[in-house]
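Please look over the sequence and the model below. A short report follows.

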Amino acid sequence: MKKRLSITVAIIVSLFIALNVHVLFSEKSTVPKTLYVHKYERMTSAHHEEDILKEGLITPENIYTVYVGDDETIDSWLVKEGDPVQVGDEIALLQTGRAESQLAAWEAEEEGLLEQRSAVESTIASLESDRSSARNNSSHVNTTETPDGTDVELNVDVQVDVHQDGAFAQAIAEAERELSEIDRNLAVVQAQLEQDATRPALISPVDGTVSEVDKHGFTLAADIYSNKKLVTTYAQLDEWQKIEAGDLVRIQENNLETNIEGTVHSVSAVPATDSRWREAYDKLDPKERENPLDLYEITIMPLEELYNLPFGANVNASIIVNEAEAVSVKIQWLESYVKDSAVVWKLDEQGRATKTNVTVPFIKNNRAVITEGLKTGDIAFYNRNINEIDNVSNVFLPLPLELPSRSDWRIFGWKNYVKYGFVE
């Protein structure tokens, strides 16, 4: 009798437990549940930076080329590669009998360059005016000057929609680069025209260093690096889209006593041309590229002069492309992460689990930097099974455990721990 009663009670208890389990955990259950979460963080704000690490090369801000038409014009060269020169220094002496024809060619070239300069300045003014007036604009300038056999060509072709401010900025930047090139050529020509007529010579238009002397061929020339130094690097499309002129850069090299700060000086919108700088960069950072044109030149202007580094020296550049004072969570805690938005679980004021949409401008050190959706003091958490549970009511978090250090334990004394931990 007792055995039968025990079996009956056991069956009833088992059925009761099974029924409650079904009611509580079935898919159709509407009973709110408490979820245990052991991975959680209280949000604290910090300074975060997204940077792009690049190999860089010390390059001149400008390269000036002084030249004459043929080898019979040069009487003797006075400089060699590596020689420092100042404005007005003689680079080569000219044949007296050929000096007048060369001066005439320079005068014709100066006239052409001045006309080009005026055309480009007019184009820039027009673009800036149309940009500010917010109207569709199309600007086309194509000017070619050939004074007395000297070919000088300017091509500026801009098709711009003012509703796209970036297109205007790019068009103006290209025109300003063209203007800078004209100014360099004009400085060279005008320096030659200002020389002493009794001693015709090639004259340096700038303080700098002679980098190359071409003593043979159809055109004889000397390249001069300006004293002002830049850092040149290259970026592929994914990096190019993040880098902007004015971005902060930190420059590091073993011979520099401290890191030097700089800013991005220019971001080219056209593929980088072959040069000794690009050839050196390809060896320093040998990445395979499916598209051979997917490489764009970036120049960096140091805020301090790089006196103790020669041209061509290799430096490390950290380009800061994004920064924020914000909170962050581990990237594994993000759900539905697309571009700069995601979903994160957090506790509301009643201690319930709630989803919140957050803005994630960038990732740093495997943490998602969040500028909107979470703030200092919020508690974000992670449980990989939370989406499988319906009607989550409350979240149960483990109590924080903080053990005193050995020095604190010895100073406070075991008697005090017993007193405050058990007695009182």
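In what order do the 4 strands of the open sheet stand? The order is β4-β12-β11-β6, and the pairing is antiparallel. Because β4 (63–68) and β6 (84–85) stand at the edges with a single partner strand each, one side of each has no neighbour in the sheet. β6 pairs with β11 (residues 208–214) in the antiparallel sense over 2 bridges, and Val 85 has Gly 208 of β11 as its bridge partner. Two strands count as paired if DSSP finds at least two bridges between them. Strands pair through backbone hydrogen bonds, either parallel or antiparallel.

This is a predicted model, in which local features need pLDDT of at least 70 and side-chain atom pairs pLDDT 80 or more, while totals for chains, interfaces and linings use all residues. Residues are numbered from 1 along each chain as its sequence is written, and side-chain values use heavy atoms, without hydrogens and water.

The table lists the DSSP runs of the protein: helices (H or I, at least four residues) and strands (E, at least two), numbered from the N terminus.

| Element | Number |
|---|---|
| Helices | 7 helices |
| Strands | 24 strands |

Of the 424 residues, 39% count as buried, that is, under 20% relative accessible area with a 1.4 Å probe, protein chains only. Among contacts (heavy atoms within 4.5 Å) with a separation of 6 or more, 73% join residues 24 or more positions apart.

Definitions and conventions
Buried < 20%, exposed > 50% of the residue type's maximum accessible area, 1.4 Å probe, protein only.
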